[in-house]
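Reader: I have a structure to get through today. Can we go over it together?

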Amino acid sequence: MHRTLVVDDSPTMRRMVMASLREVCSGGFAEAASGLEACEQLALGPVSLMVLDLNMPDMHGLEVLAFVRRHPTLKTLPVIVLTTRGDAESRTAALGAGASVYMTKPFTPQALAAQVRELVAQP
Amino acid sequence: MSDETFAAGFMDDYFAECDEHLAAIRRLLLELGGAAASAGPAPRAAVDELFRSFHSLKGISGMVGLREAEALAHHLESFLRPLRDGGRALTDEGLDALVAGVDALEHVIASRRDQRAAPPIDAVVARLERASPTAAPVEAPAASAPPAPQWRITFAPSPALLARGVNVDTVRARLRDAGVILDAAPQIHGGSIAFEFAFAGALDEPTIALWREDGLRVEAAPEPLAADAASTLPAAEMATPVGPSHVVRVDLTRLDDLMRMIGELVITRARLDASLGRVEGHVPAAEWRAVQENTQVMERQLRDLREGVMRVRLVPVGEILRRVPFVVRDLTRDSGTRVRLELRGQDTEIDKFLIERMMDPVLHLVRNAVSHALETVDERVAAGKPPEGTLTLAASSIGDTVVLEIADDGRGIDEAAVVARARAMGLEVPDPPLDRGRLLELICAPGFSTRTDTDRASGRGVGMAVVKTTVEDLNGRMSLETTAGEGTRFVIELPLTLAITDALIAQVGDRTFAVPQAVVREVIELDPAALRRLERHEVAPFRGGTLPVLRLGEVFSVTPRPGRALHAFVVGAGADAIAVAVDRIVGQREIVVRSLDDALIQVPGVAGATDLGDGRAVLILDLPALARHRAASLRRSMEAAS
């Protein structure tokens, strides 16, 4: 397994996500605090999974997702959209833009890890 | 693992991130306040950033289970939505509700930090809902057309460039310094990813050459630039600062541990020096020089290491000052005063611990200035002063000392009233005019107040007595200047850090003492024959005046060595200056301050102990405390004599 890319503008949230996935994601983590940083990480090395926040500075998560799905090899990358609850319209938008899984914050570490296990186990 | 234990592991991160957001929110609210005052539309970039901060606070508060903070952040976010999406203007009432909401949010977070129950939030939430901006959208002033792009700059990230510090954030910062980024978007070229920036700005040949060297492709923009609306970002969003991804948060106690370890290293090195001194005669001279050079290099490196760790603890003093405009706004709202606030030196850096301790004292001085010192508009006009009062807060650093100044151009301190009040409290006070040190001492006396009514600013936590104690606890100094009708200035001087410091080593009889160098104004030589006695005290002639002399030997009951001259440290300024006499000054050393926590050995005038490397414990003197103690007693004798 390659790295897991955790994209969120909150460093606390990124650490919570990584702590939840430490045992599931064996390839280590890469972090990005904005949409542009996320794209940069995708350019810098192979990634096996992306956990993506939506409301971020300078490039919305949905734009990152659309970009990934346009890319010849990244288009199959498993992406978990992890956004703050209450943004009702974004579930449809995220799934429409190609999110593999849509989850809301606050999340429990168990639920997130379970989703990832399921995604990674898929052929 | 339960959710509580999961969250518990992140509380430090949570509070640190909350602090960052709250500081940013205060700054942004000020910007919005300016726009509200001019009745213009709220600045889009500020609203966006504010919105994102509330959004992040909502997210992380939910994760740590702080429901009240999550709810408040949610309501604050909802409040902003019409401003963001509808271009509505922010009313004064709306701004007040927003400020109240942020205050409540801060209290809720603080209550969790102090492990108290969260305060109720219903009233604030209702207020936010009432004040929600619903008025018709404001006509936005015609936006000036964005400049035409002149360049297309392409950056393809790579591990090699990353290793040289060239990444999307540094490239963006570089472009922003040189001009305006009109658009930034990732592009796919074959299978690889590159960023394309549409950029306007004057670039000279050397800059272009430098950028190319760093892997950027710089080309003239094609005319006209393809306006691919779907894949472009609005320019305003590009103005947000670089994300905090290169910032590491560290628990203060870990830094304290590091500082303690460095302290141990400093002592070990001093021991090494002492042992080397003993073997000096037994080693060939050439070898000896090499050893000597190495220990000197090590000393310098240790000093660099210590300064490096110290710098990590420093934060800009602007963090305290940022709250001041809100306090002032709050106090002046119905008071008939108008205050212009001048903040200077906000970038001055100060130890995080000191900042936290100084927050309340500084705010207290500000409240005093606004509610007692500055006159109402009518009073000022009648006195021939500009209608608007000026309150100045300035921070600066001089060597190892940080200086905070809080000054107003108000009515000045009424000496007669202070004296009358002090006498009513049973204090012995000479007739005015008083010297400023004495006046400051009186207004800082516990329970002192010239006001009999309870006004808005009173009962808010700390009084002048607490201000003074806090400053002294931090080994700082406070002084006062005041002129009737012209204004008052408080100056607070604080040492930058407390753990390791440069000290002068002095001897009295067979005893050795260390004196932190930052408090010593001057080192002088005294002729014992020129000393005069005044009551129980000695004074020495000094620069045309006299200086009270305190013999350290007397304080610690040590018999001094007979000698012709005395050496003395001059401590304090103006009327508070005093000379502390010792037998001789041995030299200057870097010392590690160990506080004496045992209540049985809490002695006034002793700041702690240190080990100079020979295994003996040496007392570190708190000369300002000794001087204050002595000055008070001397003043009593002089007042009794006159």
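Reader: How many residues of chain A are in contact with chain B, and how many of chain B with chain A?
Author: This is a predicted model. In it, 33 residues of chain A are in contact with 36 residues of chain B.

Reader: Which elements of chain A give two or more residues to the side that touches chain B?
Author: They are α1 (11-21), β2 (29-32), α2 (35-44) and α3 (61-70) of chain A. The most comes from α2(A), which gives 7 residues.

Reader: And how do the residues on that side divide into nonpolar, polar and charged?
Author: On the side of chain A that touches chain B, 16 are nonpolar, 9 are polar and 8 are charged.

Reader: Changing topic. How many residues does the largest nonpolar core have, and which have the most contacts inside it?
Author: The largest nonpolar core has 94 residues. Those with the most contacts inside it are A:Leu5, A:Val7, A:Leu52, A:Val64 and B:Leu105.

Reader: What does B:Leu105 touch?
Author: Leaving out residues up to four places away in sequence, B:Leu105 touches B:Ala69, B:Leu72, B:Ala73 and B:Leu76. Another core, of 41 residues, lies apart from the largest one, and B:Val362, B:Val402, B:Ala407 and B:Val471 are among its residues.

Reader: On to strands. What is the order of the open sheet of 6 strands in chain B?
Author: The order is β14-β18-β19-β17-β16-β15, with mixed pairing.

Reader: Why is one side of β14 and of β15 left without a neighbour in the sheet?
Author: Because β14 (520-526) and β15 (532-534) of chain B stand at the edges, each with a single partner strand. For β14(B), 6 bridges join it to β18 (residues 566-571) of chain B, and the two run antiparallel. B:Val523 has B:Phe569 in β18(B) as its bridge partner.

Reader: How do β10 and β11 of chain B pair?
Author: In the antiparallel sense, over 7 bridges, with β10 at residues 477-483 and β11 at residues 487-495. B:Thr483 stands opposite B:Gly487 in β11(B). Their hairpin has 3 residues between the strands, and B:Gly485 takes a positive phi near 80° there.

Note on methods. Residues numbered from 1 in each chain as written. Chains lettered and ligands numbered in written order. Predicted model: local features only at pLDDT ≥ 70, side-chain atom pairs only at ≥ 80, totals over all residues. Contact = placed C-beta atoms within 7 Å. Helix = DSSP H or I, 4+ residues; strand = E, 2+ residues; numbered from the N terminus. Nonpolar A, V, L, I, M, F, W, Y, C, P; charged D, E, K, R; others polar. Core = buried A, V, L, I, M, F, W, Y, C linked by C-beta atoms within 7 Å. Buried ≥ 20, exposed ≤ 12 C-beta atoms within 10 Å, placed from the backbone. Pairing = 2+ DSSP bridges.
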